[in-house]
Structures are given as structure tokens and as C-alpha cells.
Amino acid sequence: MNPEKLAKLQSQVRTGGKGTPRRKVKKPTKPVAKEDPKIASTLKQLNVQPIPDIEAISMFKEDGKVIGFTAPRLSANIHANTFVVAGKPEEKSPEQALSEMLSRMGGSLGPDSLSQLARLTEGFQGGASGAGDVDDDIPDLVASGEDVADSKTDLNAAD
């Protein structure tokens, strides 16, 4: 074997300096998924218990956007009404979140539920487009409050 080639191979295999053992592959260490000790102690004080088998969580914000968590870690203390959601959040539009929810629930819903859900989404979409017509339900004011008060005092005086 060629000594130059052998020296080149030996230099590629050595991971440290002179006198260190030779390895063919330097394996990277995997980071251990460990929670912050402060968070862990706070969760212990809150007495929350982990809730397994949660596929997704969607939180609806007041501005209409949705925060979605896929495969979150959920812990809760039901008696104290305390819930802890841990995971990577994604901000989505309401339409996108609704379509994802329907795709996840599609197999478990029957035909009756699907038709009710379709009517509900039509009503939701119709309600959003007709939001400017809120004044239609409120009747117009025919008389002012002073006129009504005067007519009541006239009726009391007549008795």
C-alpha cells in the first residue's frame, strides 16, 4: 500500500490530537429534550397533570386569527381551571384552521353531522358578510323620551 495514501486516511480518521484513539465516524451528541427547571418547578406548584393523546389545539384570537399547535404537550389542573400548552405555535387564517379541523374530524363524523356542520359554516360565512347590517334589527325611534314622559304625566293628571 502507498504510504502517502495511508497517512492521508489516518489523518481523516483521527478525531483529536496526537495520542487520541482513532474512530471512523464522529457521532454528534443528540440534545436531550429537557424542560427548564424553573418551568418544571412552577408546573409542579400548580399541580398540573399531563393529558396524553392530544393531536392539535386551536386558539381563536380577537382579531380573527388562529394560533394552532400541532402535537402539543398539554397539562392541566381542571379544579383550578389552569391549562398549560407547550409546543411550536403557528398563526393561521380562520379558513385554514377550519379546513384542517375538518380534515382531522372527517373520518369520525357521520353524514348527519357533516350536513349540520355545512349549515353552520354557511351561517358563519353569511354572518361575516352581513356584519354591516346590524342596524336592521333595531327599530327606529318614533318619539323622544321627553314626549313620552309628558304624555304619562298628562294621563296621571287626568285620573
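Student: Why do the side chains of lysine 92 and glutamate 100 count as a salt bridge?

Tutor: A salt bridge needs a side-chain nitrogen of Lys or Arg within 4 Å of a carboxyl oxygen of Asp or Glu. Lysine 92 and glutamate 100 meet at 2.5 Å, N to O. That is within 4 Å, so the name applies. This is a predicted model, where local features need pLDDT of at least 70, side-chain atom pairs count only at pLDDT 80 or more, and totals for chains, interfaces and linings use all residues. Residues are numbered from 1 along each chain as its sequence is written, and side-chain values use heavy atoms, with hydrogens and water left out.

Student: How many salt bridges are there by this rule?

Tutor: Two. Glutamate 91 and lysine 61 form one of them, at 3.5 Å, N to O. Glutamate 91 is in strand 6, while lysine 61 is in the loop between strand 2 and strand 3, so parts 30 residues apart in sequence are tied together.

Student: Is lysine 92 buried or exposed?

Tutor: Buried means under 20% relative accessible area, exposed means over 50%, and partly exposed is in between (1.4 Å probe, protein chains only). Lysine 92 has 8%, so lysine 92 is buried. Its partner glutamate 100 has 24% and counts as partly exposed. Lysine 61, at 33%, is partly exposed too.

Student: What makes strand 3 and strand 6 a pair?

Tutor: Strands are DSSP runs of E, at least two residues, and helices are runs of H or I, at least four; both are numbered from the N terminus. Two strands pair if DSSP finds at least two bridges between them. Strand 3 (residues 66-70) and strand 6 have four, in the antiparallel sense. So they pair. Here glycine 68 stands opposite glutamate 90 in strand 6.

Student: Which strands stand at the edges, and why?

Tutor: The open sheet has the order 2-3-6, with antiparallel pairing. Strand 2 (56-60) and strand 6 (89-92) each have a single partner strand, so one side of each lacks a neighbour in the sheet.

Student: What makes the surface patch of Met1, Leu6 and Leu9?

Tutor: Patch residues have over 30% relative accessible area and no salt bridge; like charges are joined within 9 Å, nonpolar side chains (Val, Leu, Ile, Met, Phe, Trp, Tyr) within 5 Å. Leucine 9, in helix 1 (residues 3-13), has 41% and counts as partly exposed. That is over 30%, so leucine 9 passes the area cut-off. Together, Met1, Leu6 and Leu9 make a nonpolar patch of about 330 Å². Areas come from the Shrake-Rupley method with a 1.4 Å probe; for residues, only the protein chains shown count as cover.
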